[in-house]
Amino acid sequence: MKEISCKLLVIGAGPGGYVCAIRAGQLGIDTVIVEAGKPGGTCLNVGCIPSKAMIHAAEEFEKVAHMAAGSSPLGISVAAPVLDLGKTVAWKDGIVSRLTGGVAGLLKKAKVKTVYGWATFRDGKTVAVETETGTQIIRAETVVIATGSATVELPFLPFGGPVISSTEALALGEVPKKLAVVGGGYIGLELGMAFAKMGAAVTVVEALPRVLAQYDAELTRPVVKRLAQLGVEVMLGAKAKGVKGDALLVETADGKSTKIAADKILVTVGRKPVTEGWGLDQIDLDMAGKFIKIDDQCRTSMRGIYAIGDVTGEPMLAHRAMVQGEMVAEIVAGHKRSWDKRSIPAVCFTDPELVTAGLTPEEAKASGEIKIGQFPFAANGRAMTKLGEDGFVRVVARADNHLVLGIQAVGQGVSELAAAFGLALEMGARLEDIAGTIHAHPTQGEGFQEAALKALGHALHI
């Protein structure tokens with residue numbers, strides 16, 4: 001049995017873990033990272049990156065399909081397109097392997113030792129890793145738990161056969177003729193819309209009264225409209241009950257039972273923290289519900305043990321894990337560091353896309369009087385030229401001093417505005433700062449400036 005010692009041990013090489021290890025290595029800390037799968041975790045391998053690749057392929061296919069149907073307002077017509085999903089998946093896999101290889105290279109460059117295998121705590125300073133060549137014991141002064149999250153499985157719809165998770169959905173050999181999606185959150189709608197564009201007949205089953213319930217109804221309205229245009233059937237207040245043959249059994253909002261014919265049933269009812277199988281019982285950490293409890297510096301209840309990313313709770317976002325990982329590395333190196341979660345943007349890659357950063361109007365109202373400025377993309381020249389007039393940018397600010405509290409947008413390609421929204425909140429911008437910043441014309445970013453002008457009472461273009 002081999003033994004190694006290090007100053008910092010990171011368990012899990014997802015976005016949080018690998019960023020933590022790279023930054024620690026840059027700071028000269030003797031660092032080891034353990035990963036059971038491939039570097040990059042869920043995000044790079046079976047999550048954010050591959051899903052965006054498939055969404056882009058679906059968008060391109062749908063554009064060409066419109067042109068073939070003679071319904072393109074751009075005056076372009078082509079022969080009917082054919083989709084070879086196997087080739088699409090191979091292209092997606094190529095991107096994934098480039099990125100995971102890149103992460104492995106960055107860890108090496110930062111002089112981080114990578115151990116592949118499953119890690120289990122023996123005590124607060126010692127971990128046993130089951131590798132291909134046997135058990136490796138690692139002793140560390142400081143440990144960072146970055147074990148991430150996993151897809152939630154429904155007991156009455158276990159994965160296997162026609163029932164798939166997002167992981168299998170991203171590796172299908174052909175487009176299902178009929179796809180049932182259980183769960184109308186961002187993962188279900190991102191993938192459901194993509195498959196609808198590729199030609200699948202899609203039905204979404206959502207137990208709540210509306211889809212994308214974590215966003216406000218006004219923001220999601222353009223997405224709901226687009227779902228109808230794509231022919232996606234949305235069943236609200238409906239509960240999936242099980243599978244029978246090639247059909248999903250559903251209890252509708254009025255309590256009736258119905259069957260939805262489906263070649264594949266995609267279950268996307270959320271993600272759960274990976275807290276089992278790595279010896280949590282050996283170290284006895286305080287929990288916050290099903291998540292590991294941490295303070296604002298990601299310290300757990302045990303000295304010398306930190307936890308970052310999805311295993312520590314919402315928002316379960318890769319970029320939150322990354323900023324936590326970077327901070328923890330700097331704290332271990334003796335730097336004074338903290339971070340503020342208020343400006344974390346969240347992006348939903350549906351069609352159209354959604355972005356939120358900071359407080360919603362409802363949340364902001366709870367702390368006092370507010371001003372809201374909203375600017376529609378229907379009045380934005382760039383959005384018109386991209387056939388993307390649905391949606392808007394909305395800025396929420398305090399009424400007294402005009403401090404910006406939150407920014408939201410829905411529209412084609414608005415994910416790229418997330419950087420500007422996050423920056424405005426991080427810098428403590430006021431409405432006058434955004435209104436007074438010259439935004440390039442013609443761009444969709446002008447909608448941000450116009451929304452701030454609208455809140456100040458003098459929008460120029462509406």
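Guide: Val78 sits in the loop that runs between helix H3 (48-68) and helix H4 (85-109), where helices are DSSP runs (H or I) of at least four residues and strands (E) runs of at least two, numbered from the N terminus. This is a predicted model, in which local features need pLDDT of at least 70 and side-chain atom pairs count only at pLDDT 80 or more, while totals for chains, interfaces and linings use all residues. Residues are numbered from 1 along each chain as its sequence is written, and side-chain values use heavy atoms, with hydrogens and water left out.

Visitor: Is Val78 buried, partly exposed or exposed?

Guide: Val78 counts as partly exposed because its relative accessibility is 36%; buried means under 20% relative accessible area, exposed over 50%, and partly exposed in between, with a 1.4 Å probe and protein chains only.

Visitor: Changing topic, how many aromatic pairs does a search of the whole structure find?

Guide: The search finds two, a pair being rings of Phe, Tyr or Trp (its six-membered ring) with centres within 6.5 Å, called stacked if the planes are under 30 degrees apart, edge-to-face if over 60, and tilted otherwise. The Phe121 and Trp278 rings have centres 5.9 Å apart and planes at 55°, so that pair is tilted.

Visitor: And where do Phe121 and Trp278 lie?

Guide: Phe121 is in strand S4 (residues 118-123) and Trp278 in the loop between strand S16 (271-273) and helix H8 (280-283), 157 residues apart. Both Phe121 and Trp278 are buried.

Visitor: What about Phe421 and Phe448?

Guide: Their ring centres are 4.9 Å apart with planes at 65°, so the pair is edge-to-face.
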